[in-house]
Amino acid sequence: MNQYELEILRKRELVKFVVLLIMSIILFTAFVALLVGGNMQLLPFSEEQVFTYGILLFIPFVVTVAWQNHISKSFENLVKANYINEMIANIINVNGKIVWEERDKVVEMLGDQERATKAVLDVNDLAKEIFTNYLTRESKLFSQGESTEDDIFTGDYKGIKLRISETKITIRGSKNSRTTIFRGPLIALKADREFQGHTLIGKSMYKDTRYLQRLNLPMKEFAKRYDVYTDNVDGTSQILTPEFCDFLIRTKNVRLACYRDNVVVAYDARRDMFKLGNLFKSIDDQKQFMKFTQDFNMLLDIIDNLKTTLNI
């Protein structure tokens, strides 16, 4: 789809979104009024009738809210299918090839709108959740929590095979509530070297430090920002070069694991870094594309620094 067609689609989907929003507000208002009126005995309904009518109002309310999210996410993925891989190619130039995994699925399904919508929304399938949960556990970056993924990028950059996934990790709290402990890109790099032992670098909680010992770091500025755990002191000492430590001091909200031939980086952006396509913004609005380019370049800068300082 070209830019003009996407803009027409955006306006059409925006109308649907607004209509559903109005419907959801009306249904919710009616639901609250029914409950209040029933409790204060202002309505000629029995308790059973109030409960029944409440359910009949609440279910459509939930459906309309879900459909609003459905419309918004579908449009976002259609925009990505049209632009994102070309943008990445321009960013990395001749330094490799990184692709957005969902693009081919979206393009293949575009001929059938119903199937296309289902395809672009089905981004947290079981296989991806299993992979991410396995990766976070194996790397020891997170000792608990359930992972879900949105955007996934795979390929190679300057000779390094990589996988970048927009990841959200939550833990279950009291009364079945969920708390987000991480949201941002999870970067998995395949190094051209073997690391001695398992090194874990990070400051926040929820990492798995079993069978690892904490190192006493002589570098005060680095020690303020990071804790280091390892099962091989000599191997970790080779990693903690002055250049590597300086890089991590400059970089905020990062935790990192080095083991075997793997480097796994969790960058806690606390937001969706790969968002493109907003129903409330014209396709002609270049700020969203500039922001994506800026954020993606920042991740590539992290990879460049790791390639240099870790010799991967």
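Predicted model: local features only at pLDDT ≥ 70, side-chain atom pairs only at ≥ 80, totals over all residues.
Me: How many residues sit between the strands in each hairpin?
Reply: The hairpin of E2 and E3 has 2 residues between the strands, and Lys 158 in that turn has a positive phi of about 55 degrees. In the hairpin of E3 and E4 there are 5 residues between the strands, with Lys 175 taking a positive phi near 55 degrees.

Me: Back to Lys 158, what does its side chain meet in a salt bridge?
Reply: The side chain of Asp 304, at 3.0 Å from N to O. That pair links distant parts of the chain, 146 residues apart: Asp 304 is in helix H9, while Lys 158 is in the loop between E2 and E3. Lys 158 is partly exposed, with a relative accessible area of 33%.

Me: Tell me about H9, then. How far does it reach?
Reply: Helix H9 runs over residues 287–309 and reaches 33 Å from its first C-alpha to its last, close to the 33 Å expected at 1.5 Å a residue. Its buried residues include Phe 292, Phe 296, Leu 299 and Ile 303. Just after H9, Asn 311 takes a positive phi of about 55 degrees.

Me: How many salt bridges are there?
Reply: The count comes to 17. Lys 73 takes part in a network of them, together with Glu 76, Lys 80, Asp 150, Asp 151 and Lys 275.

Me: Which partners does Lys 73 have, and how far away are they?
Reply: One is Glu 76, with the closest N and O atoms 3.7 Å apart, and another is Asp 150, at 2.5 Å between the closest N and O atoms. Lys 73 lies in helix H2 and Asp 150 in strand E2, so that pair ties together parts 77 residues apart in sequence. Lys 73 and Glu 76 both lie in H2, 3 residues apart, which is about one turn of the helix.

Me: Is Lys 73 buried or exposed?
Reply: Buried, with a relative accessible area of 17%, because buried means under 20%. Glu 76 also counts as buried, at 3%, and Asp 150 is buried at 16%.

Me: New topic: how many aromatic pairs does a search of the whole structure find?
Reply: It finds 9. In one of them, the rings of Phe 142 and Phe 182 have centres 5.3 Å apart and planes at 55 degrees, so the pair is tilted. The two residues are 40 apart in the chain, with Phe 142 in the loop between H5 and E2 and Phe 182 in E4. Phe 142 and Phe 182 are both buried.

Me: Which rings are linked into a cluster?
Reply: Ring pairs link Phe 153, Phe 274, Phe 292 and Phe 296.

Key. Residues numbered from 1 in each chain as written. Heavy atoms only, no water. Phe/Tyr/Trp six-rings, centres within 6.5 Å; stacked < 30°, edge-to-face > 60°. Helix = DSSP H or I, 4+ residues; strand = E, 2+ residues; numbered from the N terminus. Buried < 20%, exposed > 50% of the residue type's maximum accessible area, 1.4 Å probe, protein only. Pairing = 2+ DSSP bridges. Expected span 1.5 Å × (residues − 1). Salt bridge = Lys/Arg side-chain N within 4 Å of Asp/Glu carboxyl O.
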